[in-house]
Amino acid sequence: MTAPLVLDAQIHVWKASTPERPWPADAIEPQRPEPLEVPEVRDVMARAGVSGALLLGPTWEGSRNDYVLATAAADPSQFGAICRWATGDPAEVEKLADWRGIAGMRAIRMSLNRGDVAGTLSAARDSGFFAAAERYGVPLSIYAPGRYDLHRDLARAYPGLRIAVDHAAVETADRPLTEAVAPLTQLAEYPGIAVKASALPCFLDLRTEKPPYPSITEAVYRLVEAFGADRVFFGSDLSRLPVPYADLVDVFIHHLPDLESDEQALVRGRALATWLGWTEPLAAGPETAAPESAGLKSSGPEPAEPETADPESAESGTEARRG
């Protein structure tokens, strides 16, 4: 039997702070004391049956992309890089024209859950960042829990922009998960918005809910009903996961029985790869065929045609201030 394609939409990886590679002086506390490095991620993924993942440097390491880009460039069939960018700097925004030439880069992350969110958004608009991302087909991954207005306003102003809503815009476990994801469904009318069904065990009452976590199944059903399976992506946020990784993966492989087999395959990874134009994981065989080859077409805006790229380096635009 062909193993299913499973792509994780978000895993943080980072190295320890050293004199040669220091963290910022005002770095927030990491999600765990020891760094989560790529060899450990490979091992955990292999044991859980996960084919690939998008890697993201965490905020406590600073706005750097060297580790995730090097990993993704070396093994693009297994890893892609979500990068941080100086979204308010016009000079860095100009470099987006060449983003496809940065080996391994698949998207840009904006963390809008703390700090001066209004100021960050204003600077990104004034610098032309959102317009450039729309023009050059740069997918965004935005974490702005509860800010449905923010996502809606961006979708209306930049209808060709692709935005993945991180962690289904949820931040706490203060209400049942199916209720917590419900407000997000109002954004399904915008074809440029997709949902990362990531970190969902973090928002469960694990004192009462045990594997296979039926609340996750029901939340995924609600999201797929609204957005379609081609705009809902499995993800873990592994470094803060409060349950075994394999248990979460099992939900997406074996516990979505109300979805058709094609829908299950999309949510597990095919939709993510298609959304990002990440072709390498889709080349392994029948189970990993792109949705278009199975008669399914992404409902999101068409990716922009690749530009001729000649970036100065793999860190072009990536020695960024906080994105």
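The chain of this predicted model averages a pLDDT of 90, and 87% of the residues score at least 70; pLDDT is the predictor's confidence in each residue, from 0 to 100. Over residues 288-298 the pLDDT is below 50, and this stretch has 26 contacts in the model beyond near neighbours in sequence. Over residues 303-323 the pLDDT is again below 50, with 59 contacts beyond near neighbours in sequence. A contact means heavy atoms within 4.5 Å. Where pLDDT is low, the predicted coordinates should not be read in detail.

Because the model is predicted, local features need pLDDT of at least 70 and side-chain atom pairs count only at pLDDT 80 or more, while totals for chains, interfaces and linings use all residues. Residues are numbered from 1 along each chain as its sequence is written, and side-chain values use heavy atoms, with hydrogens and water left out.

Helices (H or I, at least four residues) and strands (E, at least two) are DSSP runs, numbered from the N terminus. Eight strands form an open sheet with parallel pairing, in the order 1-2-3-4-5-6-7-8; two strands pair if DSSP finds at least two bridges between them. Strand 1 (7-12) and strand 8 (232-234) are the edge strands, each pairing on one side only. On average, neighbouring strands of this sheet are turned by 30° against each other, direction ignored. Within the sheet, strand 4 (residues 105-111) and strand 5 (residues 140-143) run parallel and are joined by four bridges. Met110 has Ile142 in strand 5 as its bridge partner.

Helix 1 (residues 38-48) touches strand 1, strand 2 (52-56) and strand 3 (79-83), and its direction makes about 125° with that of strand 3. Helix 8 touches strand 7 (193-197) and strand 8, and its direction makes about 165° with that of strand 7. Axes are lines fitted to C-alpha atoms, for helices over the stretch in contact, and angles run from 0 to 180 degrees between N-to-C directions.

Both of these helices also meet helix 9. Two packed helices are described by the angle between their axes and the distance between the axes. Helix 1 and helix 9 pack at an angle of about 45°, with their axes 9 Å apart. They are therefore oblique to each other: angles under 35 degrees count as roughly parallel, over 145 as roughly antiparallel, 65 to 115 as roughly perpendicular and the rest as oblique. Helix 1 passes helix 9 in a right-handed crossing. A crossing is right-handed if the near helix is turned clockwise from the far one by less than a right angle, and left-handed if anticlockwise. Val44, Met45 and Ala48 of helix 1 make the contact with Tyr245, Ala246 and Val249 of helix 9. By class, this contact has six nonpolar, no polar and no charged residues. Ala, Val, Leu, Ile, Met, Phe, Trp, Tyr, Cys and Pro count as nonpolar, Asp, Glu, Lys and Arg as charged, and the others, Gly among them, as polar.

The axes of helix 8 (residues 214-227) and helix 9 (residues 245-254) come within 10 Å and cross at roughly 45°, which makes helix 8 oblique to helix 9. This crossing is right-handed. Here Ile216, Thr217 and Val220 in helix 8 meet Leu248, Val251 and Phe252 in helix 9. The contact has five nonpolar, one polar and no charged residues.

Two loops remain to be described. Most residues other than glycine have a negative phi, and most peptide bonds are trans. The peptide bond from Pro211 to Pro212 is cis, with omega near 10°, and Pro212 is found in the loop between strand 7 and helix 8. Ala168 has a positive phi, near 55°, and is found in the loop between strand 6 (163-165) and helix 7 (177-181).
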